[in-house]
Amino acid sequence: MDNNILSKCPNCGAGVERANNNTLKCTYCGSKFNLDTKTEDEYHPEPQPGYISEAEFKKRYMDSLNRGGPSVEELRKRRSRAAGKFVLIVISFMVIVNYFTRNTDNDHSSATSSSSADTSARSAKNDTSSHDSTITNSSNGANIKLLSSINVDKPTFKNLYKAARIKHDQFSGSTYIYDRSSPQYVNYNAIYAYIDKGSAGSSLRFSIQYTADEWLFIKSVTFNADGQNFDYQPIFKTDNGKGAIWEWSDQQLDDSQLPMLIKIATSKKIQAKYNGDKYYKVVTVTPLQKAALKKELQIYKGLLLGYDK
């Protein structure tokens with residue numbers, strides 16, 4: 001390097017070297033200096049971001065020393081100590097890795113024995129839940145068999161599910177799946193089904209609603225589906241207002257009642273007789289109601305088949 005060129009870094013005092021034709025770089029702290037001339041007296045750093053003058057470097061360094069900051073020698077010692085610590089960490093890491101590598105075989109055999117013990121413990125602990133799951137799976141299989149006349153594939157299920165009215169109950173954790181034609185309030189005449197989808201599985205609920213200006217006090221319902229009778233005895237609730245009365249039931253269907261609902265949904269002619277304590281009322285299940293029942297049965301079967309997964 002030319003003797004007239006800046007030979008020491010004004011920041012830390014270390015030697016400098018050429019970074020390119022117009023730039024000098026400190027070999028210790030990495031500071032860069034723009035070289036305007038060949039002589040140190042005429043050297044002036046260029047006012048760019050990241051560059052400061054030699055005088056400013058010296059001022060900052062002296063200020064640091066006056067505040068008790070480290071000297072260049074102390075900085076070098078710190079760097080040496082840091083390098084030593086880094087080497088010690090690397091060696092310690094290699095020792096640990098080597099230890100675990102040597103004991104892999106022993107750990108594997110111990111883990112195998114432990115795994116077998118854990119498996120036995122989990123099996124004993126989950127006997128009850130496994131039993132419940134077996135019952136549920138058995139029930140689902142039987143219901144799928146009963147639903148053999150209800151055809152649904154996965155694409156059809158997806159479309160029906162997407163078109164349904166979905167309501168989630170944050171308190172019970174259940175999701176209720178309704179056909180969009182089903183009423184949302186009890187002051188409408190209606191016969192419909194909906195699905196209660198919970199963490200334990202899915203179940204069908206069957207609702208019957210009757211509104212008029214005189215009470216029946218319904219005790220039971222008889223469905224006549226293409227000449228075949230089905231007796232249904234749910235619990236009815238009552239209410240009234242503004243000259244109208246409402247009687248309605250909303251109950252989960254037993255597995256034994258599933259064939260009745262299938263028959264109602266698939267029969268050509270279906271009527272319902274509301275048997276009151278003194279009087280009765282015969283109503284016709286409409287094509288729209290039958291279509292809605294069938295769609296709910298298709299969604300229900302799709303859930304049993306796992307089409308929602």
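The legends below describe close-up views of a predicted model.

**View 1. The four-stranded open sheet around strand S8.**
The sheet has the strand order S9-S8-S12-S13, and its pairing is antiparallel. Strands S9 and S13 (280-284) are the edge strands, each of them pairing on one side only. On average, and with direction ignored, neighbouring strands of this sheet are turned by 20 degrees against each other. Strand S8 (residues 218-225) is joined to strand S12 (residues 270-276) by seven bridges, and the two run antiparallel. Within this pairing, Asn224 has Gln271 of S12 as its bridge partner. S8 also pairs with strand S9 (residues 228-232) over five bridges, again in the antiparallel sense. Six of the eight residues of S8 are buried, so the strand is largely enclosed by the rest of the structure. Helix H6 (residues 258-266) lies across S8, S9 and S12 and runs at about 130 degrees to S9.

**View 2. The hairpin of S8 and S9.**
Two residues stand between S8 and S9 in this hairpin. Ala225 is placed opposite Gln228 of S9. Asp226, in the turn, has a positive phi of about 50 degrees, although Asp226 is not a glycine. With a relative accessible area of 44%, Asp226 is partly exposed.

**View 3. The loop between S10 and S11.**
Lys242 lies in the loop that joins strand S10 (237-241) and strand S11 (244-252). The phi of Lys242 is near 55 degrees, a positive value in a residue other than glycine. Lys242 is exposed, its relative accessible area being 91%.

**View 4. The largest nonpolar core and the contacts of Tyr274.**
In soluble globular proteins, nonpolar side chains tend to be buried together. The largest nonpolar core of this model has 42 residues, of which Phe206, Phe223, Tyr274 and Leu297 touch the most other members. At least two residues of this core come from each of helix H5 (154-163), strand S6 (190-198), strand S7 (201-212), S8, S9, H6, S12 and helix H7 (287-304). Leaving aside neighbours within four places in sequence, Tyr274 is in contact with a set of residues that includes Ile191, Ile208, Gln209, Tyr210 and Leu216.

Helix H7 is mostly covered, with 13 of its 18 residues buried. At 1.5 Å a residue, the 18 residues of H7 should span 26 Å, and this agrees with the end C-alpha atoms, which are 26 Å apart. Gly306 follows H7 and has a positive phi, near 80 degrees.

**View 5. Ser182 and Tyr188 in the loop between S5 and S6.**
Ser182 lies in the loop between strand S5 (175-178) and S6, and Tyr188 is found in the loop between S5 and S6 as well. Ser182 is buried, with a relative accessible area of 6%, whereas Tyr188 is partly exposed, with a value of 47%. Not counting residues up to four places away in sequence, Ser182 touches Arg165 and Tyr192. The C-alpha atoms of Tyr188 and Thr211 are separated by 6.1 Å, although the two residues are 23 residues apart along the chain.

A pair of aromatic rings is described by the distance of the centres and the angle of the planes. With ring centres required to lie within 6.5 Å, the count comes to nine aromatic pairs. The rings of Tyr176 and Tyr194 have their centres 6.1 Å apart and their planes at 70 degrees, so this pair is edge-to-face. Tyr176 lies in strand S5 and Tyr194 in strand S6, so the pair ties together parts that are 18 residues apart in sequence. Both Tyr176 and Tyr194 are buried. Ring pairs link Tyr176, Tyr178, Tyr192 and Tyr194 into a cluster.

Definitions and conventions: Residues are numbered from 1 along each chain as its sequence is written. Side-chain values use heavy atoms; hydrogens and water are left out. Buried means under 20% relative accessible area, exposed over 50%, partly exposed in between (1.4 Å probe, protein chains only). Two strands pair if DSSP finds at least two bridges between them. Axes are lines fitted to C-alpha atoms, for helices over the stretch in contact, and angles run from 0 to 180 degrees between N-to-C directions. Contact means heavy atoms within 4.5 Å. A nonpolar core is a set of buried Ala, Val, Leu, Ile, Met, Phe, Trp, Tyr and Cys residues joined through side-chain atoms within 4.5 Å. The expected span of a helix is 1.5 Å times one less than its number of residues. Rings of Phe, Tyr and Trp (its six-membered ring) pair if their centres lie within 6.5 Å; planes under 30 degrees apart count as stacked, over 60 as edge-to-face and the rest as tilted.
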